[in-house]
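Have the structure open while you read.

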Amino acid sequence: MEAPLFRLVQPIGWLFTLSLAFTSTTSIAATTAYMSSMEQLDLRQVQLIVVAPDKLKAALHNRALRLFAEAGLPIPDSDSSQTPSSAVLTLTLDSRPIDDLCPGKVLYAPSLAFTEPVTIPRTGSTIRDTTWLIESDKEVRGPVDDERMTTDLDGFIRQFITDYTTANRQPQERPTTPDVTVAPQFSLTPTIPQQQTDRDLGEIRVLSLSILAGRWSSALRANAVRQLTEAGLRLVPNTGEDGAISMSLEFTQRALDDRCPGKVLYEQGVYLVEQVRITRRPLVMLWSDIWLKESLRIVPPRSLLELETDQRLLLQEFLRSHATK
């Protein structure tokens, strides 16, 4: 069975290839690469949303708020607020049953993501983007107990608090850097639909291209280059060269062994990446996806032919949007 477990359509925030990943036993880092995005943030204007099993949601939400209070910080708004906030902190602790694919197992991908308006300098468009993220590796496992969810909550929220308090110390305690660019080797995972328009995509004429597909990367690259150049796009080696936007195509397969014999956790996606500015703090820039299509599936191991088909379909989706002006 190859139906997607879930599909993210045009969300944002995935930079390049590496996310800030934590497990339930990982210690809190001094700060993360995205600490600068927390500077001058008013927590009272942030809406906290908890995605968790209904029977635990209220208790987990209250626990998260208590951690902010214990740190002496303003308490974020409740997720019961009737007025949508432009700044949202989403704590995801829910799991998805996958009995039809892997009997007795669930997919668990906990995360804490902060989203807010950002501006794309190339077009002047404003979109909602993830500007801070922490997440654990996706797991196919047995049912997640309350203790694991509580441990993940504590670790994620405390890391957010650590970054926030460090970023907002008085100048005499921590010199601030007025113009900050977050390095592109880190990544942010998409969480919400973006608002990038097809018209903005139609303005893109030059791309730099990277392929992540293990031993099949070279073969897939040749096919992608042919498909993109036949559509009239020019490819150059480096992002920024002649105004090039970065395109990343990624196809990863992770064996599930005895958790789901004969199956792999298969992630595929196409990502357009460029720098954006945090709208409330325009001097801070992040490398982020302005457009993407991706999916996560549990399937038998994919062959080169199947990867070529998946890549062709992904690029067709991009080219259809690119051709809409």
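Are Trp291 and Phe318 buried or exposed? Trp291 is buried, and Phe318 is buried as well; buried means under 20% relative accessible area, exposed over 50%, and partly exposed in between, with a 1.4 Å probe and protein chains only.

1. Some housekeeping. This is a predicted model, in which local features need pLDDT of at least 70 and side-chain atom pairs count only at pLDDT 80 or more, while totals for chains, interfaces and linings use all residues. Residues are numbered from 1 along each chain as its sequence is written, and side-chain values use heavy atoms, with hydrogens and water left out.

2. The whole structure holds four aromatic pairs (rings of Phe, Tyr and Trp, the latter by its six-membered ring, with centres within 6.5 Å; planes under 30 degrees apart are stacked, over 60 edge-to-face, the rest tilted). One of them is Phe68 with Phe160, edge-to-face at 6.1 Å centre to centre and 65 degrees between the planes. This pair links distant parts of the chain, 92 residues apart: Phe68 sits in helix 1 and Phe160 in helix 2 (residues 146-167). Helices (H or I, at least four residues) and strands (E, at least two) are DSSP runs numbered from the N terminus. Both Phe68 and Phe160 are buried.

3. Back to Trp291 and Phe318: their ring centres are 5.6 Å apart with planes at 65 degrees, so the pair is edge-to-face. Trp291 belongs to strand 14 (residues 281-299) and Phe318 to helix 5 (residues 304-323), 27 residues apart.

4. Ring pairs also join Phe68, Phe114, Trp132 and Phe160 into a cluster.

5. Have a look at His61 too, in helix 1 (residues 54-70). His61 counts as buried because its relative accessibility is 7%.
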